[in-house]
Amino acid sequence: MTRSTGAKASRRDFLKLAAGAAALGPFFLFSPHALASQKTLKIAKWAHFLPEFDQWFVNAVANDWGKQNNTKVTVELIPVEEIRDRALAEVKAGKGHDIFIFPWPPAEYQQHVIDHGAVYQMIASKYGAIQQLAFRSTLNPKTKKYFAFADFWMPAPLHFFRDSWAEAGMPLGPVNYTGLFDGAKTLRDKLGIPCGLAFSPTLEGNVTLHTILYSHRAWILDAAGNVVFNKNAFAVSTLKYIQLLYQASGTPEQLTWGSGGSVRAMLEHKTSAAINAISLLRAAEKKGPDVGRKMWLQPPLMGASGMGVTGLPHVTNCSVVWNFSQNQAGASKFLADVVDTSRTGYEKSLGCNFPIYPKTVPDLVVRLQKDPQADPPDKYMALKDALHWTPNLGVPAMANPAFMEIFNSSVVPRMVAKVLRGEQSAEDAAATGAAEMQHIADKWKQIGG
């Protein structure tokens, strides 16, 4: 009797609850089967230099996509300096995230990912072909496999304090490496402010040093992927230039800065110039109008020996779907769909993220000309030709596994540090560095990369 009354009461309570919920709006009852059928998508992503972008990516892009595709999407943000180790750990374990997003071309992992050509094809009808930067950063020309998918990149212009460089007679900043040396030396001698380019084994240090090497024709690999470093006089002469620049205008901290070290030094006005993504200038604008007003942008320096204006990308945003992903179809669709958010992504990144597909931000130059935070508003026009002076990492070769291992294992920053600390001559360091590069290249030839 008691059980019967209890059962009727429970049914009555349930009906009342359902009726009340219906009055408030749609009421959904999910069976265990429905809940079990919900898919999952796990994303690992390098932590953006502007936290606001990541907040939008997690809370809007990933969350909204998950709701629209009946998928529980989780995003783990990983510091840039930990990205390589985490990726290697997942590959070794054969499990982890469905999508792994790198700030550089992940050519080293091409044997552990799907062919992303299908992702590019899903987008082509809407936004057209990809830029050369993406093509040369994600395709293995030997296997014809796209080992990653690129959707945005960040140029790396020269940042400098206009008031400081005016003291060296260069109010518009240096235009070539000779001017950089002369002006930086004058500034340290006159004002006690070191130049401050990043030389440490960090992302900014790697990009800075590889840019200097390439701009002086001290190339790592040739177009065919063969090691050419130290096969001519350019390698040693470039190392000697870096050594002289450091001795005349540097600071010991350049060799020990961690990730973002050069950024913090610039924001505190402890250095006079840096090669970095414009997140540096955005941080200066955020710190205070006076700091942002004094810091200016300029295209990369004109190279030596006939090289023009060239600056390697600070970031090439490349996503991979592991071949051990538990949701390859969902991961591929997510990457294709996220391109639709490129315009908002450009805005949320405060203009840091340049689109791989120009049609997604067709008014890019107009935005650069009338930036709402810049003083003056056209300060960012220095980036209007950025795509023309930004080749891929690995140039003149494609972004192949050998180059990317050389880049990510910091062969160049370690080589330079030995010279700057007086541990090796430029000649010996170039020979040692070339031998290490050749060892890496030979390994990948055996693997078949």
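Mentor: Helices (H or I, at least four residues) and strands (E, at least two) are DSSP runs, numbered from the N terminus. By that rule the protein has 19 helices and 11 strands. This is a predicted model, where local features need pLDDT of at least 70, side-chain atom pairs count only at pLDDT 80 or more, and totals for chains, interfaces and linings use all residues. Residues are numbered from 1 along each chain as its sequence is written, and side-chain values use heavy atoms, with hydrogens and water left out.

Trainee: Why is Y120 called buried?

Mentor: Buried means under 20% relative accessible area, exposed over 50%, partly exposed in between (1.4 Å probe, protein chains only). Y120 has 7% relative accessibility, so Y120 counts as buried.

Trainee: And what makes F149 buried?

Mentor: Its relative accessible area is 0%, so F149 is buried too.

Trainee: Why is the aromatic pair of Y120 and F149 called tilted?

Mentor: Rings of Phe, Tyr and Trp (its six-membered ring) pair if their centres lie within 6.5 Å; planes under 30 degrees apart count as stacked, over 60 as edge-to-face and the rest as tilted. Here the centres are 5.0 Å apart and the planes make 50°, which gives a tilted pair.

Trainee: What makes W65 and F334 an edge-to-face pair?

Mentor: Check the numbers: 5.3 Å centre to centre and 85° between the planes, hence edge-to-face.

Trainee: How do you know that this pair links distant parts of the chain?

Mentor: W65 sits in helix 3 (residues 51-68) and F334 in helix 14 (residues 328-338), 269 residues apart. Both residues also belong to a ring cluster with F53, W56, F57 and F152.
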